[in-house]
Amino acid sequence: KGKQKKHVIPRSNVQFADIGGQERAKKELKEALDFLVYKDKIEQYGIRPIKGVLLTGPPGTGKTLMAKAAANYTNSAFVAASGSQFVEMYVGVGAQRVRELFRDVKAMAEKNGQDSAIIFIDEIDVIGGKRDGQQQREYDQTLNQLLTEMDGVATSDKPRVLVMAATNRKDMLDAALLRPGRFDRHISVDLPDKPAREQILTIHTANKPLGSDVVLEKIAQETFGFSGAQLESVANEAAIYAMREGNEMIEARHFGYAVDKVMMGEKVDREASL
Ligand code: ATP
């Protein structure tokens with residue numbers, strides 16, 4: 001993930017219903033998206049358009065899913081990139097990539113006859129992190145290009161462009177990014193609570209043969225602190241254990257192993273990074 005040279009243009013059909021929990025975040029996001037959909041009204045009332053939505057929260061909580069669902073919900077053209085893809089040895093390359101992102105998504109919208117376009121930038125902190133004086137010139141150019149493009153977005157544009165960005169570290173962002181007319185809508189996407197964990201497990205086991213002793217509520221109970229991405233891994237690992245055993249059904253014990261494995265994996269990762 002995030003290793004591609006150019007931005008990727010994933011064709012996806014993620015819907016809000018495919019995202020477990022996150023009810024408040026989904027509601028806030030849909031409200032922001034109304035500004036993209038009802039743009040005639042926005043113009044009529046002279047309301048400043050929303051140009052940027054910032055999704056904040058820990059890794060694996062569904063920020064990318066939210067952006068993809070937003071694109072489908074609004075029938076927008078969609079392109080995605082990661083902040084780390086803009087980091088280059090040569091000054092100016094990052095800024096060039098930003099220009100390309102805007103150009104490409106507009107071209108895509110035009111080609112598909114769509115009135116709106118969404119650009120998703122994951123790890124925005126890589127290009128939009130706080131400045132510490134010197135050294136950061138390449139990033140500055142990239143960031144400045146992004147701000148210039150966003151400042152240039154007007155309500156009357158066709159297609160209307162909305163930039164969505166995600167970060168795990170909002171406190172690290174340069175204030176210039178957060179000014180009105182830029183990323184001024186912030187939506188926090190948090191770790192799932194127990195009912196949300198159960199929903200996420202339900203989503204990720206829908207296509208799996210579950211044994212009669214599997215109680216998702218109980219697994220949700222035992223996975224306090226797990227992200228959506230980790231819960232997806234639990235469902236997947238449990239299926240792998242069952243398959244290796246040649247068991248037709250995925251049973252409670254397979255989920256037990258899977259929970260331990262995902263928990264251990266995290267621990268190993270943490271120790272390796274110390
Ligand atoms: P990162 O900050 O690491 O980029 P993210 O918040 O963008 O993470 P996603 O990439 O959206 O997280 O989620 C990774 C995967 O985890 C998804 O493809 C999905 O399988 C699963 N997942 C995460 N959150 C949810 C959720 N709320 N409901 C269902 N699946 C989820």
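Analyst: A residue counts as buried under 20% relative accessible area, as exposed over 50%, and as partly exposed in between. The model is predicted.

User: Is Asp184 buried, partly exposed or exposed?

Analyst: Asp184 lies in strand S5, residues 183-188. Its relative accessibility is 26%, so Asp184 counts as partly exposed.

User: Which side chain makes a polar contact with the side chain of Asp184?

Analyst: Leaving aside neighbours within four places in sequence, Asp184 is in contact with Arg48, Gly52, Leu178 and Arg179. For one of these, the contact joins the two side chains as a polar pair at 3.0 Å, and that partner is Arg48.

User: Is Thr167 buried or exposed?

Analyst: Thr167 is found in strand S4, residues 160-167. Beyond four places in sequence, Thr167 touches residues including Leu54, Lys63, Ile124 and Leu173. Because its relative accessibility is 2%, Thr167 counts as buried.

User: Which backbone nitrogen does the side chain of Thr167 reach?

Analyst: Thr167 ends strand S4, which covers residues 160-167. At 3.0 Å, its side chain reaches the backbone nitrogen of Arg169.

User: How much of the ligand's exposed area does the protein bury?

Analyst: Ligand oxygen atoms lie 2.8 Å from a polar backbone atom of Gly60, 2.6 Å from a polar side-chain atom of Thr64 and 3.0 Å from a side-chain N or O atom of Asp122. Taken alone, the ligand exposes 630 Å², and the share of this that the protein buries is 82%.

User: Which helices give two or more residues to the shell around the ligand?

Analyst: The shell divides into five nonpolar, eight polar and five charged residues. The elements that give two or more residues are helix H3 (63-73), helix H8 (194-205) and helix H10 (228-245).

Notes: Residues are numbered from 1 along each chain as its sequence is written. This is a predicted model: local features need pLDDT of at least 70, side-chain atom pairs count only at pLDDT 80 or more; totals for chains, interfaces and linings use all residues. Side-chain values use heavy atoms; hydrogens and water are left out. Helices (H or I, at least four residues) and strands (E, at least two) are DSSP runs, numbered from the N terminus. Buried means under 20% relative accessible area, exposed over 50%, partly exposed in between (1.4 Å probe, protein chains only). Contact means heavy atoms within 4.5 Å. A polar contact is a pair of N or O atoms within 3.5 Å; within protein, one must be able to donate a hydrogen and the other to accept it, and residues adjacent in sequence count only if both atoms are side-chain atoms. Accessible areas come from the Shrake-Rupley method with a 1.4 Å probe; for residues, only the protein chains shown count as cover. Ala, Val, Leu, Ile, Met, Phe, Trp, Tyr, Cys and Pro count as nonpolar, Asp, Glu, Lys and Arg as charged, and the others, Gly among them, as polar.
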